[in-house]
Amino acid sequence: MTDELPRTDAAANAASGDQHPVAGQPLLRIEGVSKNFGTFRAVDGVSLDIRAGEFFALLGPSGCGKTTLLRMLAGFEAPDEGRILLGGKDIAQALPHERPINMMFQSYALFPHLSSQDNIAFGLKRAGMARADIAARVAEMVALVKLGGLEKRKPDQLSGGQRQRVALARALARRPQLLLLDEPLAALDKKLRESTQAELMELQRRLGMTFIIVTHDQEEAMTMASRIGVMNAGKLAQVATPRELYEAPRSRWIAEFVGDVNLFDGEFRLRDGHRLVIATREAGTLVAAEPREPVSETKLSVAIRPEKVKLSRRGPVFEAGRETAINSLDGVIADICYLGGTTTYKVKLDDGGMVQASVVNSARLDVDAYSVNQRVIAWFTPDDCVVLSS
Amino acid sequence: MSSRRIFARPARFAAIAPYLWMALFFLVPFGFVLKISLSQTAIAQPPYEPVFDLTAGWEALKTALAALSIDNFRLLISDDIYVFAYARSLIVAVTATALLLLIGYPIAYGMARLPKRWQAVAMVLVIVPFWTSFLIRIYAWINILQHDGLLNQILLALHLVSQPVVWLSTDSAMYIGIVYSYLPFMILPLYATLAKMERALEEAAGDLGAPPWQVFWLVTFPLSLPGVGAGVLLCFIPIVGEFVIPDLLAGSNSLMIGQTLWLEFFTNKDWPVASAAAIVLLVMLLLPLLLYERLQKRQLEQGR
Amino acid sequence: MRKLSRLSRFNIASLALGLAFLYLPILILVIYSFNASRLVTVWGGWSLRWYHEFFNDRAMIEAAWMSLRVAVSSATIATLLGTLAAVALSRGERFRGRTLFSGMLYAPLVMPEVITGLSLLLLFVALNAERGFWTVTIAHTTLTMCFVAVVVQSRLGSLDRSLEEAAMDLGCDPVRAFVAVTLPLIAPAIVAGWMLAFTLSLDDLVIASFTTGPGSATLPIRIYSEVRLGVKPEINAICTLVIALIAVVIVIASLVSKLSSSQGESAAPL
């Protein structure tokens, strides 16, 4: 089994088209993979296709099974059920050193007794590359991650950001078909994290490699990934582009996990064309656009992102060309949270509920700002509402 | 299969050689001790009647089993010498361990509260004497404690005493020797737990209104109990069986069990009684040994 | 602030007293080994007389040589076996007989030496082994490999397991990952283990007394029989030499471990 595994450079293959996955066939196919630790089901029947050249993010709260799934791809854990196909071959039971997959560890796991360049060369030596080739590849990697001048330093003589680069270069050096990144930016401070995000994306585009990143930071996943798989309690809750995930979450849980949301539980009353009328307990009767997949239940929830909620002093404002039916809710400003670029207002509704509205501070002087206890109308269009089954 | 299990398979092979070694040179010998403790004393070389001879066949084995006797154990219980020796060993070990804890705790605490870079230095300073020979350190004290030794000279010079005090061959000398020899064994586990303890815990206790002595009794000491346990066991168990220190520093009128065993073995050449004495000592130490083993295991295998 | 400084003054005082207690007796012993006077307690000026005496004492020299040989060979075997045992315990996960194995390794650390010595002697007698260099070496190996195992195991336990995973991820099978990554990182602990085993063996009186045969006394056995007869200045000189030897071993070993940790992969076997 081990001999059949492709061990050559993914990039070279991509260029020659030799082992490049056939169009339509994903690079990586995860089929019904499950993993138990004792009685705890860490990963529960996950199926997922990842195409070559994708930047895929596994997102979820801690303990959701995303790291276990990643470790199964790297070969540190073997699935109890299911198959993991890389380029059509099942690698589920292959040992880590037999896979053309490399991983960047959350702790970086740099070998403390080796210099940066020896760390980068480590995997190349195991692959039996010629000395000169190793030197050339290490130099290439050093240039790629901008580590020039630090080649001879030991990990403990490097800053956090530099260590992160060495770890990345080391994982990239073997030109794996698939690069796994386990919370690669978790140890960096905010500013560095943002610039590194951009560099990682740049790098991935340039190399044309397939990246799978594990993160608990939704902003990070949204920024970097072309597709996101959200995991919860060992299951894949939704696989979608960042935009879909945010604007069309498939469940209450995802709506709440990704970004902020106003949620109102209610009951289906009637259908008016492509509109659903839903009676909620806390926000009166709401009109929402019918979701793509028709709903059959009567107990429904309506989700509205805070930035979709507008505030007004006078009454609903009808903009030109807008559809007529608008949800407008009367209430009182209960709390104001100034965040710099935006301000979040909490509005206590007359119907008993609370709605959050996020307003962009487009003017420097707060001529338009609201104050606590001021009566306002919070409004949003049916298209801004997402209907979810409770 | 996890990466740990991938690693575990070859790692288990590593156990074979040390396992066989320890089985042959640690476990099996206890069988011999047990066997000989049940044999009859004989004036011969080796000085005991072999009880088992597996080559002699079943019949011989049956006669051998019939010849087994617990006479040696009966002797240990009936003879005051042994009873006193066991009792004295326990008393000495308890007293010495208490002294060690009393002296070692402030030192360990002082070390743990030093600035980080000084802690490493202090640690080395505490360990280094442990590297120098045990026997040499006892001998150093003989130098100091003897009749015209340095201690008496100083005491005389300061007119604290009018004539030399007899230090050697007393229990005080023995306790000094034990405390001196075992102090690093008490300090190191204590230091390890105290150094790991978050300073903020004590500060929080102080912040919540506890005066320093309460901070110590209500927070520091309870949290250092694992270290106290390790230190106490690490000292108590070997002290019970200690031979060299009481032999060189204490008087010869009351012996500890280690000395008695040595005497039976080397002077009286009574191997069966010595073996029986060793068995009884082992049984006495079984509970603290098991406790220690669990502690050691937990400490070494934590985070796994 | 005031309270804090008083507290730390107490700390420093207890530390200083403790260290003085630990070091003064040894210091006094070393100083008196250079005493010209025959009376151990009267200072008669500096002299190397007792060192001369020692180097002319054939029995002592032979015992010292025996002790050195035993210490080097038992420490070496013990380091090998102890390291293997530590690897098995910290990386072997669960295996049959593991509890017994760890029990056998931890018990000798505190087991009274009279018991260990007696039991080993009875084994050697039963095996009809000729007692001398090898029996003492085996006995010391049995004792000291447990110390090596503990030292190495605690280092292995504190090692980040993802380092080994990273090595496997980069193309090493488990054995090669161990040799290329784990072994260089635990090398200082292995060196420390050897040192510990060496000094413990050099130090041991009780177990050696039980397991050695006639005519092959170790240095502690000789010293012990001399000390029982009273303090002799020559013993001071021998003890000082032993202390010096151990100091040299410690210095060399710490230099070696420092050197090995500052070298690149070229130093690692592979």
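These notebook entries record what I looked up in a predicted model.

**Conventions and confidence**

I number residues from 1 along each chain as its sequence is written, and I letter chains from A and number ligands from 1 in the order in which they are written. Because the model is predicted, local features need pLDDT of at least 70 and side-chain atom pairs count only at pLDDT 80 or more, while totals for chains, interfaces and linings use all residues.

I first noted the overall scores, which are ipTM 0.86 and pTM 0.82. I then turned to pLDDT, the predictor's confidence in each residue, from 0 to 100. For chain A the average is 86, and 90% of the residues score at least 70. Within chain A, residues 1-22 have a pLDDT below 50, and this stretch has 36 contacts in the model beyond near neighbours in sequence.

I read helices (H or I, at least four residues) and strands (E, at least two) as DSSP runs, numbered from the N terminus. In β8 (residues 210-215) of chain A, six of the six residues are buried, so the strand is largely enclosed by the rest of the structure. T210(A), I212(A) and V214(A) point one way from β8(A), whereas F211(A), I213(A) and T215(A) point the other way.

I count two strands as paired if DSSP finds at least two bridges between them. Strand β3 (residues 55-59) of chain A pairs with β8(A) in the parallel sense over five bridges, and F55(A) has F211(A) as its bridge partner. Strand β7 (residues 178-182) of chain A is also parallel to β8(A), over five bridges, with D182(A) opposite V214(A).

**Chain A: the open sheet**

I found five strands in an open antiparallel sheet, in the order β13-β12-β11-β14-β20 (chain A). Since β13 (285-289) and β20 (386-389) of chain A stand at the edges with a single partner strand each, one side of each is left without a neighbour in the sheet. Strand β12 (residues 275-280) of chain A pairs with β13(A) in the antiparallel sense over five bridges, and R275(A) stands opposite A289(A).

Chain B has 15 helices and zero strands. Of its 304 residues, 42% count as buried. Among contacts in chain B with a separation of 6 or more, 71% join residues 24 or more positions apart.

In helix α1 (residues 3-13) of chain B, the buried residues are S3(B), I6(B), F7(B) and A11(B). These residues of α1(B) pack against α3 (58-91), α7 (161-169) and α8 (174-203) of chain C.

The contact between the two chains takes 75 residues from chain C and 81 residues from chain B. On the chain C side, helix α1 (residues 2-32) gives the most, with 16 residues.

Methods. Contact = placed C-beta atoms within 7 Å. Buried ≥ 20, exposed ≤ 12 C-beta atoms within 10 Å, placed from the backbone.
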